[in-house]
Amino acid sequence: MLSSDFKFDEAVADVQKKISMFPAITDTLTKFDTDSLQFLSTEALKQAGMDGFNDDNVIMPVALLVAHYCALSADTSGNIQEQTADVLTQKFFDRNGSDNFLVEYKRLKKSISRGVIRFL
C-alpha cells in the first residue's frame, strides 16, 4: 500500500519515463496526449497501491499497467493484428470481378471435369 506522503506527481513523471523505454508500446503512446497519460498513470498508481505495491516498488508495475491501459485503449495487440493480417485480410486484384477464391474454384471445377482434383 502506498504511504500517505507518497508523491503522486513525481511517481507519474517516473512512470512516464519508464514506459517510454518499452519499445513494444512506443507507437501506441503517440496516440495519447500528456493529460491522458497522466490520468492513466494516476489511476494505475491507485490500483497498484490497492493491490499491495508500496512506495519502493510501485514504478515498474505501474508502468506495465499503464502500457496495458494504453494498448487496450488504443485497441492494439500484436497477436490480433498479426491474425487479422495473416488470416482475415486478403488483397483482391482487378480481374474483371474475379478474386483468388473464384479463380481457385474454377480451377477445381475444371479438374473435377477431368476426373482428378488437384489441390495446390
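Which backbone oxygen does the side chain of serine 41 reach?

Reply: Happy to walk through this one. Please keep in mind that the model is predicted. The side chain of serine 41 reaches the backbone oxygen of leucine 37, at 2.8 Å.

Serine 41 is part of helix H3. Its relative accessibility is 0%, and because buried means under 20%, serine 41 counts as buried. If you set aside the neighbours within four places in sequence, serine 41 is in contact with Val12, Val15, Gln16, Val62 and Val66.

Two of those partners, Val62 and Val66, belong to the H4 side of the contact between H3 and H4, so let's turn to that helix pair. Helix H3 covers residues 34-50 and helix H4 covers residues 59-73; the two pack at an angle of about 125 degrees, with their axes 9 Å apart. That angle makes H3 oblique to H4. The crossing of H3 and H4 is right-handed. On the H3 side, the contact is made by Leu37, Leu40, Ser41, Ala44, Leu45, Gln47 and Ala48, while H4 brings Val62, Leu65, Val66, Tyr69 and Cys70. Sorted by class, the contact of H3 with H4 holds 10 nonpolar residues, 2 polar ones and no charged ones.

Val15, another partner of serine 41, leads us to helix H1, where Val15 takes part in the contact with H4. Helix H1 (residues 8-19) packs with H4 at an angle of about 65 degrees, and their axes are 9 Å apart. H1 passes H4 in a right-handed crossing. Here Ala11, Asp14, Val15, Lys18 and Ile19 of H1 meet Ile59, Met60, Val62, Ala63, Val66 and Ala67 of H4. By class, this contact of H1 with H4 has 9 nonpolar, no polar and 2 charged residues.

Histidine 68 is partly exposed, with a relative accessible area of 43%. Histidine 68 and isoleucine 25 lie 43 residues apart in sequence, and their C-alpha atoms are 8.9 Å apart in space.

Note on methods: Residues numbered from 1 in each chain as written. Predicted model: local features only at pLDDT ≥ 70, side-chain atom pairs only at ≥ 80, totals over all residues. Heavy atoms only, no water. Axes fitted to C-alpha atoms, helices over the stretch in contact; angles between N-to-C directions. Helix = DSSP H or I, 4+ residues; strand = E, 2+ residues; numbered from the N terminus. Parallel < 35°, antiparallel > 145°, perpendicular 65-115°, else oblique. Left-handed = near helix turned anticlockwise from the far one by under 90°. Contact = heavy atoms within 4.5 Å. Nonpolar A, V, L, I, M, F, W, Y, C, P; charged D, E, K, R; others polar. Buried < 20%, exposed > 50% of the residue type's maximum accessible area, 1.4 Å probe, protein only. Polar contact = N/O pair within 3.5 Å; in protein donor to acceptor, adjacent residues only side chain to side chain.
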